[in-house]
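Here is a short briefing on one protein model. It takes a helix, a residue and a pocket in turn.

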Amino acid sequence: MAIPRQLPNAITVARIPLAVVFFVLLLLGGTYGLSDIVVRWVAAILFIVAISTDWVDGYLARRYEIVSDFGKLWDPIADKLLTGAGFIGLAVLGELQWWIVVVILIREWGITVHRLVVAKEHVVAAAWMGKIKTAVQGVALSWAVLPLHVFIGIDAWVLVTTVLMIAALVLTVASGIDYIVAQVRGSRKP
């Protein structure tokens, strides 16, 4: 079965407006309260669908051998917009500490800016640790935006959210260090 060559890229690009819609819905849904719980559920489901497309576009590109420089460059950017919207939205709502968001965003956007700067020379694809980091961020954010506190209680929800966010933070920093080390080693090769 043939698929359109641009389908993976179209899926990647679709994540960008989904990030904006998700962010608005997350803020409209508010925090912990029951008044806008439906909006919070819609925001959470939209986030989960959008973050899942990261796997879909990558799978299609590899499976049908249509990996492109556009996809290598824009896939991580779309991911960062979506996860950044989640981290910032949760911090605005007071559900996540700003220092965690700042550390994560500095790493994410610092590496993204570097990728854009070197894109004229070569495209830097995501490394295995970066992919794991993105998956853990996706799980942590999915859990955090889902209003599951309604079912399991606020204390249990906060505990699980905290553990997942710490894991995401540690992997974000570790993958950032791994990226920098790989780039320094690569630049020293003859």
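Helix α1 covers residues 7-29, 23 residues in total. From first C-alpha to last it reaches 32 Å, close to the 33 Å expected at 1.5 Å a residue. The model is predicted.

**Helix α1**
- α1 bends by about 25 degrees, and the bend is at Pro17.
- Its buried residues are Pro8, Asn9, Ile11, Thr12, Arg15, Ala19, Phe22, Leu26 and Gly29.
- An α-helix has 3.6 residues a turn, so residues three or four places apart point the same way.
- The packing partners of the buried α1 residues are α2 (37-63), α3 and α5 (128-145).
- Gly30 follows α1 and has a positive phi, near 70 degrees.

**Thr83 in helix α3**
- Thr83 sits in α3, which runs over residues 69-92.
- Thr83 counts as buried because its relative accessibility is 2%, where buried means under 20%.
- Leaving aside residues up to four places away in sequence, Thr83 touches Ile51, Glu108, Gln137 and Leu141.

**The second largest pocket**
- The second largest pocket holds about 180 Å³ of space.
- It is lined by 12 residues, and those closest to its centre are Glu95, Leu96, Gln97, Ile100 and Thr162.
- α7 gives the most, with 6 residues.
- By class, the lining has 8 nonpolar, 3 polar and 1 charged residues.

Terms used: Residues are numbered from 1 along each chain as its sequence is written. This is a predicted model: local features need pLDDT of at least 70, side-chain atom pairs count only at pLDDT 80 or more; totals for chains, interfaces and linings use all residues. Side-chain values use heavy atoms; hydrogens and water are left out. On a 1 Å grid over the protein atoms alone, a cavity is a set of points where a 1.4 Å probe fits but cannot get out, and a pocket is an open set with protein on both sides within 12 Å along at least five of seven lines; lining residues have an atom within 4 Å of a point. Grid points are joined across faces, edges and corners, and a volume is the space filled by probe spheres set on the points. Helices (H or I, at least four residues) and strands (E, at least two) are DSSP runs, numbered from the N terminus. Ala, Val, Leu, Ile, Met, Phe, Trp, Tyr, Cys and Pro count as nonpolar, Asp, Glu, Lys and Arg as charged, and the others, Gly among them, as polar. Buried means under 20% relative accessible area, exposed over 50%, partly exposed in between (1.4 Å probe, protein chains only). Contact means heavy atoms within 4.5 Å. The expected span of a helix is 1.5 Å times one less than its number of residues. The bend at a residue is the angle between axes fitted to the seven residues ending there and the seven starting there.
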